[in-house]
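Please examine the sequence and the three-dimensional structure shown here.

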Amino acid sequence: NTMFSTSLLRVGSKLIGLLLTRKGHFNTLGLRNDFGFPPGLRTKTFLLGPTTKMNLFQSVTSALDNTLASDPTAVIFGEDVAFGGVFRCTVGLRDKYGKDRVFNTPLCEQGIVGFGIGAAVAGATAIAEIQFADYIYPAFDQIVNEAAKYRYRSGNLFDCGNLTIRAPWGCVGHGSLYHSQSPEAFFAHCPGIKVVIPRGPVQCKGLLLSCIADQNPCIFFEPKILYRAAVEQVPTEAYTIPLSQAEVIQEGSDVTLVAWGTQIHVLMEVANMAQEKLGVSCELIDLQTILPWDTETVCKSVAKTGRLLISHEAPITGGFAAEISSTVQEECFLNLEAPIARVCGYDTPFPHIFEPFYIPDKWKCFDAIKKLISY
């Protein structure tokens with residue numbers, strides 16, 4: 001029995017090792033590699049001035065640096081942000097701007113957001129960091145019942161529109177239950193806040209600066225797998241990218257693909273596969289803003305292609321893909337050539353060793369395109 005158990009354990013370990021390192025899913029560090037990051041993916045011409053090479057976390061730092069330099073009321077706070085944060089997004093800012101403007105908080109997400117609401121109401125530009133999006137739930141009441149409703153319940157006498165909440169988001173290859181979640185759909189049901197997710201460094205800086213400048217409380221989710229993997233030439237000066245405007249990254253005629261954050265890069269590879277293997281032309285749309293989302297751009301595309309695939313890492317039931325699907329079905333029913341497809345995470349807690357089976361990888365999305373075309 002002991003020998004059998006030992007052999008079984010060794011076989012199981014080898015199987016798991018092969019699973020986590022197999023080409024098309026994860027590399028030897030346990031990071032996803034079923035997609036690549038193409039620098040300058042349809043970068044807009046508004047990007048003017050000097051640029052420097054930045055990864056995604058450096059573009060966050062640059063945006064925060066620009067804000068602290070130009071706005072004397074701006075403050076940054078959260079768990080461990082004073083020494084740079086666990087992902088190094090605030091590194092060097094306390095030394096540059098002082099401990100009164102970049103400071104640590106207790107490990108209390110409800111307190112972090114509650115403090116941010118008060119600071120914003122008092123006139124400060126408040127930038128709060130939740131260390132992982134998975135830990136934003138203790139602050140749910142403060143966000144949904146206080147921040148989102150502050151302006152409405154005071155008849156616009158008071159507001160906390162200067163509040164921005166940042167949080168690392170999405171799976172990374174080894175995060176398991178509490179470091180992999182994508183909770184955007186929870187907040188998409190809440191009028192009064194904006195929810196934004198970038199796909200790369202250029203978009204990250206411009207959209208984050210737009211959130212900070214916006215006069216509504218914003219939640220800014222940052223794909224943590226891209227913190228170091230995504231590298232682009234990013235302007236050093238401040239610039240903004242409009243919120244609630246989706247971006248058509250690649251034009252096509254047969255199928256519309258919609259995603260945000262990391263999944264954009266997965267669908268970019270899927271679009272290339274569909275063109276090469278099936279002769280199918282895909283139109284790829286980065287939603288960028290989850291709430292309020294750009295219905296016009298998506299519906300216009302679906303009216304042209306007649307087919308729609310939406311993909312996200314979050315569980316499929318109640319995920320934001322369902323909202324997009326419902327709206328498109330209402331607006332584009334007579335244009336549809338096939339049922340709308342959703343390729344998402346499963347309705348389970350986010351797994352650890354079974355993450356390769358859970359994620360909506362390029363093969364699942366490619367299979368969905370084949371079904372759309374052959375319907």
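Predicted model: local features only at pLDDT ≥ 70, side-chain atom pairs only at ≥ 80, totals over all residues.

Rolling a probe the size of a water molecule over the atoms shows where empty space is left.

**The largest pocket**

- The largest pocket holds about 250 Å³ of space.
- Its lining consists of 18 residues, and those nearest the centre are Gln181, Ser182, Phe186, Ala314 and Pro315.
- Two elements, helix H7 (184-188) and strand E13 (308-315), each give two or more residues to this lining.
- Sorted by class, the lining of the largest pocket comprises nine nonpolar, seven polar and two charged residues.

**The second largest pocket**

- The second largest pocket holds about 210 Å³ of space.
- Among the residues that line the second largest pocket are Val248, Glu251, Glu283, Asp294 and Lys300.
- Helix H11 (residues 295-305) gives the most to this lining, namely five residues.
- Charged residues number six in the lining of the second largest pocket, alongside two polar residues and one nonpolar residue.

**Helix H2**

- Helix H2 spans residues 56-70, a run of 15 residues.
- From the first C-alpha to the last, H2 reaches 21 Å, which is close to the 21 Å expected at 1.5 Å a residue.
- H2 is mostly covered, with eleven of its 15 residues buried.
- The buried residues of H2 include Leu56, Phe57, Val60, Leu64 and Leu68, and also Ser59, Thr61 and Asn66.
- At the N-terminal end, H2 is capped by Asn55, which has a side-chain oxygen 3.3 Å from the backbone nitrogen of Phe57.

How values were computed: Residues numbered from 1 in each chain as written. Heavy atoms only, no water. 1 Å grid on protein atoms, 1.4 Å probe; cavity = no way out; pocket = protein on both sides within 12 Å on 5 of 7 lines; lining within 4 Å. Points joined across faces, edges and corners; volume = space filled by probe spheres on them. Helix = DSSP H or I, 4+ residues; strand = E, 2+ residues; numbered from the N terminus. Nonpolar A, V, L, I, M, F, W, Y, C, P; charged D, E, K, R; others polar. Expected span 1.5 Å × (residues − 1). Buried < 20%, exposed > 50% of the residue type's maximum accessible area, 1.4 Å probe, protein only. Polar contact = N/O pair within 3.5 Å; in protein donor to acceptor, adjacent residues only side chain to side chain.
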